[in-house]
Amino acid sequence: MARYGMLIDLTMCAQCSACTVACETLYRLPPGESGVHLRSFETGRFPAVRRVTLPVQCMQCQDPPCVKVCPTGATYQDPETGTVQMDYQRCVGCRYCMTACPYGARQFDEAQGTVAKCIFCTGRVKQGLQPACVETCIGHARIFGDLDDPGSEVSRAIAERHALPLRPDLGTRPSVYYVF
């Protein structure tokens, strides 16, 4: 059994938005409703200020608060992969999961009346493919794989590059790591 995770190396990110476009295209989402959200902010002190774009998506938490608040079981954790998945047939659009997610990684799909999120392209991964955002990343900033396998590319890269999850203090144990 694998426990899937991802590394996003911001030092290699071209900020081209290919990840968001790939997600929108694969899932036929309207523009701007991707499972990957690009958030920009400034860092540093004048005059050494720079603008950073941070791709944020479902962190695939090992202790996901969104699963705990879902009243219908539409949001659940796959026992085989540890990923947080969606059963859109069961989602009633109550948005409790959006409120519970500390990363703001979910969005409400007005057309469907349900909440959408990144599912690590489960269908593609089951076919032996990489998630669409990983496959289309022109800077090779994204690495996907099994976090429980210390020899996997993603595990080695996280260790070698000293990658960190966002807000580990929240105790959700995210499976997405960043190199800043």
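This is a predicted model: local features need pLDDT of at least 70, side-chain atom pairs count only at pLDDT 80 or more; totals for chains, interfaces and linings use all residues.

User: What does the radius of gyration say about the chain as a globule?

Analyst: The value is read against what a compact globule of equal length would have, which for 180 residues is near 16 Å; the chain has 16 Å, so the two agree. Along the principal axes, the C-alpha atoms fill a box of roughly 50 × 40 × 35 Å.

User: What share of the residues is buried, and what share of the accessible surface belongs to carbon and sulfur atoms?

Analyst: Of the 180 residues, 49% count as buried, while the accessible surface comes to about 9600 Å², with 53% of that area belonging to carbon and sulfur atoms.

User: How many aromatic pairs are there, and how is the pair of Tyr 4 and Phe 144 arranged?

Analyst: A pair of aromatic rings is described by the distance of the centres together with the angle of the planes. The structure holds three aromatic pairs. In the pair of Tyr 4 and Phe 144, the ring centres are 5.0 Å apart and the planes lie at 25°, which is under the 30 degrees that count as stacked, so the pair is stacked. This pair links distant parts of the chain, since Tyr 4 belongs to strand E1 (residues 4-9) and Phe 144 to strand E8 (residues 142-146), 140 residues apart.

User: Are these two residues buried or partly exposed?

Analyst: Tyr 4 is partly exposed, with a relative accessible area of 22%, whereas Phe 144 has 9% and is buried, because the cut-off for buried is under 20%.

User: What is the arrangement of Phe 120 and Phe 144?

Analyst: Phe 120 and Phe 144 form an edge-to-face pair, at 5.1 Å centre to centre and with 85° between the planes. Phe 120 lies in the loop between strand E7 (114-116) and helix H4 (122-126), and Phe 144 in strand E8, so the pair ties together parts that are 24 residues apart in sequence. Both Phe 120 and Phe 144 are buried. Tyr 4, Phe 120 and Phe 144 form one aromatic cluster.

Definitions and conventions. Residues are numbered from 1 along each chain as its sequence is written. Side-chain values use heavy atoms; hydrogens and water are left out. The radius of gyration is taken over C-alpha atoms; the globule rule is 2.2 Å times the number of residues to the power 0.38. Buried means under 20% relative accessible area, exposed over 50%, partly exposed in between (1.4 Å probe, protein chains only). Accessible areas come from the Shrake-Rupley method with a 1.4 Å probe; for residues, only the protein chains shown count as cover. Rings of Phe, Tyr and Trp (its six-membered ring) pair if their centres lie within 6.5 Å; planes under 30 degrees apart count as stacked, over 60 as edge-to-face and the rest as tilted. Helices (H or I, at least four residues) and strands (E, at least two) are DSSP runs, numbered from the N terminus.
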